[in-house]
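Hello,

Here is the structure, with the sequence. My notes on what was found in it come after.

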Amino acid sequence: MTAASLSEALHWVAQVPTLLVALDFDGTLAPEVDDPEQARMLPAAQEAIGRLALLPRTPVALVSGRGLPSLERVAGVTDSVTLVGSHGVEMRYQGRERSLLGTHDLERRRLLGEVLAASVDQHDGVWLEAKPVGFAVHTRLVTHDAAAEAQRSARAAVAASSLSDITERAGKNVLEFAVRPATKGDGIVELRTLTGADAVLFAGDDVTDEDALAALEDGDLGLKCGAPPTHAQFCVPAPADVAEVLLQLAEQRSAYVHRRE
Ligand SMILES: O=P(O)(O)OC[C@H]1O[C@H](O[C@H]2O[C@H](CO)[C@@H](O)[C@H](O)[C@H]2O)[C@H](O)[C@@H](O)[C@@H]1O
C-alpha cells in the first residue's frame with residue numbers, strides 16, 4: 001500500500017475484513033512521567049480503544065516492554081483487549097495468560113538482579129525496575145552524562161558476570177537487560193497469526209517499537225509518535241495526536257462494519 005497521506009492510509013485499513021490494531025503503551029498512548037506506575041492513557045486514547053474493541057473483526061492489542069502485571073495495572077483495559085508484555089515474552093489473549101519464561105530463566109534473572117543492583121547502587125538518582133523477564137535501569141531523573149555513566153557501568157557489570165546471552169534493549173531514559181530475547185516484532189507476528197488479521201495498524205514511539213514497525217507488511221499501517229528516522233510510514237508529534245488518529249479510525253471502522261452488516 002502506498003498511501004499519499006495518513007487519512008488515505010486510515011481509510012484503506014479501516015475497510016479490510018479483519019483489522020488488528022496493535023499499540024505501544026508508554027510514550028504513545030500514555031504521556032511519559034517520572035514514575036512508571038503513574039503512567040495512564042490519555043482519556044481520548046482510552047475512549048478510542050474502548051470503541052474499537054467493541055467492533056466486530058477488530059482485535060485490539062497493547063504491545064509493551066512492560067511486564068504483563070505492570071501493563072495490566074496501568075492500562076486498565078478489559079479482557080477483550082489483548083496484552084503483550086515484556087516485548088512479546090508474555091501475553092494475555094482472550095483472558096488467558098502465557099509466558100515463555102522457564103525455570104532456568106528465573107535463576108538467571110535472580111543472578112542478573114544481584115549484578116545490576118550492585119551497579120545501580122553506585123549511582124544517585126538511578127533506579128532499578130524489577131520486571132518478569134529482567135530489569136530496567138532508569139535514568140530519567142539524572143543528567144545526560146550521569147545516565148551515560150550509569151548505563152556504561154551496568155553494561156560492564158553484566159559483561160563481567162557469569163551470565164551469557166543477556167538481551168539488552170535501549171529505550172527512553174532506560175536501559176533494559178532481559179533473560180529472553182523476544183522483540184515486539186515477534187509479538188506482531190504472533191498476533192497476526194492468532195487473529196487472522198488482513199491488515200495491522202501499529203503505533204509506537206521508542207527504539208523497541210521499530211522492531212514491530214519493521215515486522216509490518218504491505219497493506220499494514222505503521223505510525224510513529226515522534227520524529228524520523230523510523231520504519232513507520234507516517235509520524236505524528238505526540239500521544240494526543242495518536243489518540244486523535246485512533247478516534248478517526250474508530251469512526252471509519254464503525255461505519256465500515258455497520259455497512260457490511
Ligand atoms: O513498550 P512501552 O509500553 O513503551 O514500555 C517501555 C517502558 O516503559 C516504562 O518506562 C518508560 O515510561 C516511564 C513512564 O512514563 C518513564 O518513566 C520511563 O523513563 C520510560 O522509559 C517502563 O518503566 C519500562 O519497564 C518499559 O519497558
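A residue is called buried if 20 or more other C-beta atoms lie within 10 Å of its own, exposed if 12 or fewer do, and partly exposed in between, with C-beta atoms placed from the backbone. By that count, 45% of the 261 residues of the protein chain are buried.

This is a predicted model: local features need pLDDT of at least 70, side-chain atom pairs count only at pLDDT 80 or more, and totals for chains, interfaces and linings use all residues. Residues are numbered from 1 along each chain as its sequence is written.

The protein chain has eight helices and 12 strands (DSSP runs numbered from the N terminus: helices are H or I, at least four residues, and strands are E, at least two).

Between them, 14 residues of domain 1 are in contact with 11 residues of domain 2 (contact: C-beta atoms, placed from the backbone, within 7 Å).

Helix H4 (residues 103-120) packs on helix H5 (residues 144-160) at about 145 degrees, with the axes 9 Å apart. Axes are lines fitted to C-alpha atoms over the stretch in contact, and angles run from 0 to 180 degrees between N-to-C directions. On the H4 side, Val115, Leu116, Ala118, Ser119 and Val120 meet Ala150, Ser153, Ala154, Ala157 and Val158 of H5.

Regards

Conventions
Contact = placed C-beta atoms within 7 Å.
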